[in-house]
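Hi,

Here is the structure I promised to pass on.

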Amino acid sequence: MKLIAGSASQALSKKISQALKLPIIETQTKRFPDKELYIRILENIENEAVAIVQTTYPDENIIELFLLLDAVKRAKAKKITVIIPYFGYARQDKQFKKGEPISAASLAKLISTLADNIITVDPHKEHILDFFTIPAKSVSAVKPISTYLKEKKIDLVLAPDHGALNRAKKAASYLQCDVDYLEKTRLDGSTISITPKSLEVNGKTAAIIDDIISTGGTMAEAIKQLHSQDVRKIYVACTHGLFAGSAIKKLQDAGCEEIIATDTIQTQFSAVSVSSALEEILS
Ligand code: R5P
């Protein structure tokens, strides 16, 4: 197998390439004067198995993925695997209101017309994989995140809402510590409320773990809950660090020791790599 490193996933592609000794196919990427994207595959890949690594966030990276898929298909690759470290639009996984699209399904359907199989990391909900009409698998970032947290001597892993509880339980089992969760109600895209709950955190070190940090509202509220109960230290960790708007400031102002994310979206907070999880499924 050979890899194509999409613009959104360069560092992660390099890690996978080095670990599994999979060559990276040379490509050319540039913008036309009107900012439209041009891409070109510069090697012969006829009859090769090719894996394209590309996070589909923000939107421009979705276009790049489709152009890469089209180019790889036209170059007559034998098998096309798409590795989507962060599958954007996954949170619109149903019609919440009449007249809405199911964005995750729409993207999955389009990708399925061009690829042979797909691998993603911690999709927002596991049923999203069923939107693909090609074999679709996911890997989890819980183990690499927990490995990173190991030296922080965590006493309690907290899920900021019930949906994140399974992930928190897995992390707590790796870290051999307690686990608890909060009850969250989403009021709108950027406002949430959390029901106060008594947690046994007095003088302890806690890690709050979620799949996504977007506006930071969920984590900031969870941090406030912990501080009101005299926690000692708080680490916040997520798989996908979107950090929209003033998310980072919100988290820092709420008071946390460290903000930890993975390289599904490459940012200055990507202290953890999901490379090992992807290598395992590819080898
Ligand atoms: C929601 O179900 C997700 O798991 C995250 O909790 C949510 O996307 C975080 O969003 P925000 O950072 O905007 O509160």
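**Around the ligand**

In this predicted model, an oxygen atom of the ligand sits 2.5 Å from an N or O atom in the side chain of Thr 218. I count a polar contact as a pair of N or O atoms within 3.5 Å; within protein, one must be able to donate a hydrogen and the other to accept it, and residues adjacent in sequence count only if both atoms are side-chain atoms. Taken alone, the ligand exposes 380 Å², and 89% of that is buried by the protein (Shrake-Rupley areas with a 1.4 Å probe; for residues, only the protein chains shown count as cover).

Next, the fold. Five strands make an open, parallel sheet, ordered β1-β4-β5-β6-β7. Helices (H or I, at least four residues) and strands (E, at least two) are DSSP runs numbered from the N terminus, and two strands pair if DSSP finds at least two bridges between them. At the edges are β1 (2–5) and β7 (136–139), each of which pairs on one side only. From one strand to the next, the twist averages 20 degrees.

Axes are lines fitted to C-alpha atoms (for helices, over the stretch in contact), with angles from 0 to 180 degrees between N-to-C directions.

**Thr 56**

What does Thr 56 touch beyond its neighbours within four places in sequence? Its contacts (heavy atoms within 4.5 Å) are Asn 61, Ile 62, Leu 65, Ile 84, Tyr 86, Phe 87 and Gly 88. A polar side-chain atom of Thr 56 lies 2.9 Å from the backbone nitrogen of Gly 88. Thr 56 belongs to the loop between β4 and α2 (59–74).

Residues are numbered from 1 along each chain as its sequence is written, and side-chain values use heavy atoms, leaving out hydrogens and water. As the model is predicted, local features need pLDDT of at least 70 and side-chain atom pairs count only at pLDDT 80 or more, while totals for chains, interfaces and linings use all residues.

Cheers
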